[in-house]
Each structure stands twice: as structure tokens, then as C-alpha cells.
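Student: I have a structure to go through and I'd like to ask about it as we go. Can we start with charged side chains?
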Amino acid sequence: MTRISMNVDGMKVTDDVAPRTLLVQYLREGLGKTGTVIGCDTSNCGACTVHLDGDSVKSCNVLAVQADGCEVTTIEGLAATATDSSESGLHPMQEAFRECHGLQCGFCTPGMIMQSVDLIKRNPQPSESEIREGIEGNLCRCTGYHNIVRAVQYASGQLATAADTRGATEEVDAL
Ligand code: FES
Ligand code: FES
């Protein structure tokens with residue numbers, strides 16, 4: 001067993017794990033973070049995507065010991081840690097998927113949202129083709145991707161508006 005410590009969704013956790021434990025296993029079985037799901041276990045589907053030190057990773061492709069000392073954010077922690085949380089308490093990307101009907105069965109949705117948040121962080125105003133390229137590692141069996149792409153476009157618009165409003169408020173405050 002190996003002792004690991006990390007910050008998961010804003011909480012420090014310390015555990016002894018077998019060295020071969022996958023991060024997704026540790027999150028689900030060790031911490032009860034079942035919002036992160038396993039679709040393939042072979043790094044193909046993206047359903048297990050979480051943020052590791054702010055970047056999206058497929059958590060079935062990372063050992064828990066590799067996340068030692070890191071910040072991990074799962075879909076469950078996304079709203080709580082988002083500075084732009086809406087009144088509903090959801091992250092704007094979660095709101096956008098709901099607003100644009102970006103899910104059907106919802107199995108791919110946690111990973112799709114985590115990947116999309118990372119995409120918007122790197123490219124706040126992505127084109128449709130950039131969105132499609134950005135989520136190409138995340139598979140959805142249900143939606144045909146159209147509404148997922150619309151959701152990411154919607155979220156990028158909402159976040160840009162929020163940033164403009166914040167900037168204007170700061171300018172007024174500075175006067
Ligand atoms: S479960 Fe990790 S990529 Fe499919
Ligand atoms: S909504 Fe069912 S797999 Fe994507």
C-alpha cells in the first residue's frame with residue numbers, strides 16, 4: 001500500500017491505496033464520487049474525465065498515486081469550486097447542457113462537461129469546429145453531438161457576458 005494525499009473538490013483526503021489503483025477507482029470506490037463514471041476503462045470514451053491541477057484528464061488513465069499532492073476536481077465539485085456559479089448553484093457549463101438539451105441518458109455528461117470547461121478555459125470563444133475537435137476524445141452514444149456543441153457555444157457566450165459585466169463593474173468601482 002502507498003499513502004497518498006490530495007485535495008478533491010476542495011477537501012483534503014489521505015488514504016493508503018494499492019499502487020495499481022486507478023484514479024477513477026479511488027474517486028468512486030474510495031471517496032464515493034460516483035458522478036465520475038467508467039464507460040470503457042481503456043481511455044477511449046472520456047466518461048471518466050476530471051480535472052487534475054486544473055487540466056482535464058481521463059481518470060482511468062491515471063494512477064491514484066500519480067495524483068498524490070494534486071488538486072482534483074470532479075463533476076460533483078465543479079459547481080462548488082466555480083467562481084462563476086449561477087444562482088442555481090450550477091456551473092455555467094452545467095446550466096448550458098441543461099438549457100440546450102445536451103444530454104439524453106447522461107452517461108457521457110460528467111466527462112463531457114469537465115472536458116468542455118477545460119476547452120473554454122483554453123479558448124474562451126471556440127468556433128464550432130474547435131469545439132468538435134476539443135471534445136473528440138469524449139464519446140456520446142445518444143445525442144449526435146449537435147446539442148452538446150450548442151451547449152458549449154451557449155456556455156462560452158454566458159461566460160463572456162459575465163466577464164464583460166465583471167470588467168464593467170470593476171471599472172465603475174475604480175472611478
Ligand atoms: S472510462 Fe476512462 S476513457 Fe472511458
Ligand atoms: S447522453 Fe447518453 S451517452 Fe451521451
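Student: Which residues are linked in a network of salt bridges?
Tutor: Asp55, Asp118, Lys121 and Arg122 are linked in that network. A salt bridge here is a side-chain nitrogen of Lys or Arg within 4 Å of a carboxyl oxygen of Asp or Glu. This is a predicted model, in which local features need pLDDT of at least 70, side-chain atom pairs count only at pLDDT 80 or more, and totals for chains, interfaces and linings use all residues. Residues are numbered from 1 along each chain as its sequence is written, chains are lettered from A and ligands numbered from 1 in the order in which they are written, and side-chain values use heavy atoms, with hydrogens and water left out.

Student: Why can side chains pair like that?
Tutor: Side chains of opposite charge can pair when their charged atoms come close.

Student: How many salt bridges does the structure hold?
Tutor: Eight. One of them joins Asp16 to Arg3, at 2.9 Å from N to O. That pair links distant parts of the chain: Asp16 is in strand E2 (residues 11-17) and Arg3 in strand E1 (residues 2-8), 13 residues apart. Helices (H or I, at least four residues) and strands (E, at least two) are DSSP runs, numbered from the N terminus.

Student: Is Arg3 buried or exposed?
Tutor: Arg3 counts as exposed because its relative accessibility is 55%. Asp16, at 39%, counts as partly exposed. The cut-offs are under 20% relative accessible area for buried, over 50% for exposed, and partly exposed in between (1.4 Å probe, protein chains only).

Student: What does Glu95 pair with?
Tutor: Glu95 forms a salt bridge with Arg98, and their closest N and O atoms are 2.9 Å apart. Both lie in helix H3 (residues 92-99), three residues apart, which is about one turn of the helix. Glu95 is buried at 16%, while Arg98 is exposed at 51%.

Student: And what about Glu128 and Arg132?
Tutor: Their side chains meet in a salt bridge too, at 3.0 Å from N to O. The two are about one helical turn apart because they sit four residues from each other in helix H5 (residues 128-134). Glu128 is partly exposed at 40%, and Arg132 is partly exposed at 31%.

Student: New topic. Where is the second largest pocket?
Tutor: Domain 1 (2-76) and domain 2 (82-156) both give residues to its lining, so the pocket lies between them. The domain bounds come from an automatic or database domain assignment.

Student: What lines the second largest pocket?
Tutor: The lining residues include Gly39, Cys45, Phe107, Arg141 and Tyr145.

Student: OK, His91. Where does it lie, and is it buried or exposed?
Tutor: His91 lies in the loop between helix H2 (75-81) and H3. With 9% relative accessibility, His91 counts as buried. Its side chain reaches the backbone nitrogen of Met93 at 2.9 Å.

Student: Which residues other than glycine have a positive phi?
Tutor: Ser43 is one of them, with phi near 65°. Ser43 is in the loop between helix H1 (23-30) and strand E3 (49-52), and is partly exposed at 25%. His101 is another, with phi near 55°. His101 lies in the loop between H3 and helix H4 (109-122) and is exposed, with a relative accessible area of 56%.

Definitions and conventions:
On a 1 Å grid over the protein atoms alone, a cavity is a set of points where a 1.4 Å probe fits but cannot get out, and a pocket is an open set with protein on both sides within 12 Å along at least five of seven lines; lining residues have an atom within 4 Å of a point. A polar contact is a pair of N or O atoms within 3.5 Å; within protein, one must be able to donate a hydrogen and the other to accept it, and residues adjacent in sequence count only if both atoms are side-chain atoms.
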